[in-house]
Amino acid sequence: MVKVVLWGSLKALTGGETTCEVEASTIREMLDALAARHPKLGPVLARGVAVSIDGRIYRDDWFQPIGPDSEVYVLPRMAGG
């Protein structure tokens with residue numbers, strides 16, 4: 001199981017749940033599990049989010065492994081210029 005912290009505006013889509021545990025070994029599996037657990041998150045996750053694993057940010061790196069003891073945060077993707 002991977003403990004995931006949902007950050008910022010993502011919390012509003014989970015009924016206020018800020019952390020959850022899901023069965024996953026990659027970023028893709030984790031995002032799929034989060035969408036299944038919180039259907040309102042699905043469209044936001046599909047548009048893109050940033051994932052921090054042990055302090056390193058990943059974007060669109062779906063097959064990045066996640067260790068069972070990793071510190072994982074899911075953050076809304078920021079856009080700007």
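So, charges. In this predicted model, the protein chain carries 9 positive and 10 negative charges, and their mean positions sit 10 Å apart.

Okay, the overall layout. We've got two helices and five strands, and from the N terminus on the order goes β-β-α-α-β-β-β. The radius of gyration is 11 Å, close to the 12 Å that the globule rule gives for 81 residues, so the protein chain is as compact as a globular protein of that length. Along its principal axes, the C-alpha trace spans about 30 × 30 × 20 Å. And if you take contacts between residues at least 6 apart in sequence, 49% of them join residues at least 24 apart.

Now, what's on the inside? Buried residues make up 37% of the 81. Have a look at strand β1, residues 2–6: four of its five residues are buried, so the strand is largely enclosed by the rest of the structure.

Which strands does β1 pair with? One is β2, residues 19–22, joined to β1 by four bridges and running antiparallel to it; there, V2 stands opposite V22. Another is β5, residues 72–76, which runs parallel to β1, with three bridges between them. In that pairing, V5 has Y73 as its bridge partner.

Last stop, S52. You'll find S52 in strand β3, residues 49–53, and this serine is buried, because its relative accessible area is 9%, under the 20% cut-off. Leaving aside residues up to four places away in sequence, S52 touches I57, E71, V72, Y73 and L75.

Methods. Residues are numbered from 1 along each chain as its sequence is written. This is a predicted model: local features need pLDDT of at least 70, side-chain atom pairs count only at pLDDT 80 or more; totals for chains, interfaces and linings use all residues. Side-chain values use heavy atoms; hydrogens and water are left out. Buried means under 20% relative accessible area, exposed over 50%, partly exposed in between (1.4 Å probe, protein chains only). Two strands pair if DSSP finds at least two bridges between them. Contact means heavy atoms within 4.5 Å. The radius of gyration is taken over C-alpha atoms; the globule rule is 2.2 Å times the number of residues to the power 0.38. Lys and Arg count as positive and Asp and Glu as negative; His and the chain ends are not counted. The place of a charge is taken as NZ of Lys, CZ of Arg, CG of Asp or CD of Glu.
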